[in-house]
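Please keep the sequence and the 3D view at hand while reading.

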Amino acid sequence: MTIRRIRLTSIAFFLPLLASCASAGVRTGVVPREGFIASADGVRLYYRVAGSGPDTIVVINGGPGVGHEVLAPDVAPLEARHTVVFYDQRGGGRSGLPDTTMLGMDRFVEDLDAVRRHLGMERMSLLAHSYGPLIAASYARAHPERVERMIFFGGLGPRREDAIAFSRARTAQRDSAQERRWQDIARRMRAGTVAEVVDACRENTALMNELVAAEGWPVRRGTSCYAPAEAVLYGSRYTSRMLSRSLGEYDFTRDLAGLRAPILVITGDRDETPVPAHRSWAAAVPDGRLLLIPGGGHYPHIERPDVFYPAVDAFMADGWPADAVDPTP
């Protein structure tokens with residue numbers, strides 16, 4: 001497979017990519033770059049590097065089955081102080097749409113490691129939203145030595161029952177008219193034509209923003225509908241279902257006890273995922289803390305940027321936010 005390479009504008013970019021284990025990320029002072037990476041099984045993975053800060057954050061968006069643009073516009077402030085790596089997970093965005101037998105969590109873990117290797121990082125700092133913590137935790141379970149630190153925000157909980165609770169809470173937010181709209185959207189996403197699926201995707205984004213606005217929060221700029229039409233259809237019809245199913249009856253509270261990397265969990269107390277589930281993430285590792293933002297919800301980076309970004313900066317500088325607490329009794 002031919003991989004499109006990005007022209008390096010400065011030798012200053014090339015040398016840090018080859019940094020030894022002393023480096024936990026890419027240090028670069030050049031303009032943002034983008035390109036494709038070959039995964040272990042040949043699927044092309046789109047990636048983009050933004051910002052030029054002294055440390056590197058690899059962003060894992062939620063979904064699953066959508067590209068990084070569902071999150072990237074809303075975490076753009078990170079680019080002012082950090083180097084930020086975005087990538088489209090397989091089966092969504094501009095990345096490859098493989099045979100559906102290649103959509104298990106093990107492949108997503110391999111893809112994240114392909115991103116790490118391509119950028120020459122010994123270890124990665126991971127920032128994961130919504131479904132993203134399940135990918136990050138799966139990676140940390142498989143490659144604990146490759147994780148520098150992790151930030152989970154607005155995440156699903158570490159057990160399958162937490163995801164069920166999240167879904168039920170989302171449904172409870174909608175009134176009867178909104179629920180009918182949602183059911184129609186879901187029907188078209190499952191069985192519509194390509195054009196109908198893209199239209200349904202846009203309506204789903206509009207409906208979610210209506211609910212967010214009703215709570216008095218800013219709406220998201222990110223969307224999963226920017227991708228090629230066939231990717232929007234593929235992601236909603238296949239990736240979003242098969243990746244989740246591949247985890248089975250998961251419980252990461254039992255799987256990360258040996259992880260040495262610290263975890264900061266950030267969420268609002270009005271997130272649809274129950275607070276105890278967020279606390280369980282922080283308690284799943286020896287060095288974890290929870291930052292609970294009063295009045296915030298599933299998107300703390302939008303709802304309370306005045307709290308979210310200083311917390312990320314403090315954690316990336318080897319500290320803890322002042323209000324982050326030990327999750328254990």
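A pocket, as used here, is an open set of points on a 1 Å grid over the protein atoms alone, with protein on both sides within 12 Å along at least five of seven lines; a cavity is a set of points where a 1.4 Å probe fits but cannot get out, and lining residues have an atom within 4 Å of a point. Grid points are joined across faces, edges and corners, and a volume is the space filled by probe spheres set on the points.

The model is predicted: local features need pLDDT of at least 70 and side-chain atom pairs count only at pLDDT 80 or more, while totals for chains, interfaces and linings use all residues. Residues are numbered from 1 along each chain as its sequence is written, and side-chain values use heavy atoms, with hydrogens and water left out.

**Pocket and cavity**

The largest pocket holds about 1,500 Å³ of space. Its lining has 50 residues, of which Gly63, Pro64, Trp182, Asn204 and Ser240 are the closest to the centre. Helix H4 (160-173), helix H5 (176-191), helix H6 (194-214) and helix H7 (229-246) are the elements that give two or more residues to this lining. Helices (H or I, at least four residues) and strands (E, at least two) are DSSP runs, numbered from the N terminus.

One cavity of 30 Å³ or more is counted. About 70 Å³ of space lies in the largest cavity. Among the residues that line the largest cavity are Arg170, Met208, Trp217, Glu272 and His298. H4 and H6 each supply at least two lining residues there, and the largest share, three residues, comes from H6.

The table gives both linings by class.

Eight strands form an open sheet with mixed pairing, in the order E1-E2-E4-E3-E5-E6-E7-E8. Two strands pair if DSSP finds at least two bridges between them. Strand E1 (33-38) and strand E8 (288-293) are the edge strands, each pairing on one side only. From one strand to the next, the twist averages 20 degrees. Helix H8 (residues 275-283) packs on the sheet and touches strand E6 (147-153), strand E7 (263-268) and E8; the directions of H8 and E8 make about 150 degrees. Contact means heavy atoms within 4.5 Å. Axes are lines fitted to C-alpha atoms, for helices over the stretch in contact, and angles run from 0 to 180 degrees between N-to-C directions.

Strand E4 (residues 83-87) pairs with strand E2 (residues 44-50) in the antiparallel sense over four bridges, and Arg48 stands opposite Phe86 of E4. With strand E3 (residues 56-60), E4 pairs in the parallel sense over three bridges; here Val58 stands opposite Val85. Five of the five residues of E4 are buried, where buried means under 20% relative accessible area with a 1.4 Å probe and protein chains only. Thr83, Val85 and Tyr87 point one way from E4, and Val84 and Phe86 the other way.

Strand E5 (residues 124-129) is largely enclosed by the rest of the structure, because six of its six residues are buried. Met124, Leu126 and Ala128 point one way from E5, and Ser125, Leu127 and His129 the other way. E5 pairs in the parallel sense with E3 over three bridges, and Leu126 is the bridge partner of Val58. E5 and E6 also pair in the parallel sense, over six bridges, with Arg149 of E6 as the bridge partner of Ser125.

Definitions and conventions. Buried means under 20% relative accessible area, exposed over 50%, partly exposed in between (1.4 Å probe, protein chains only).
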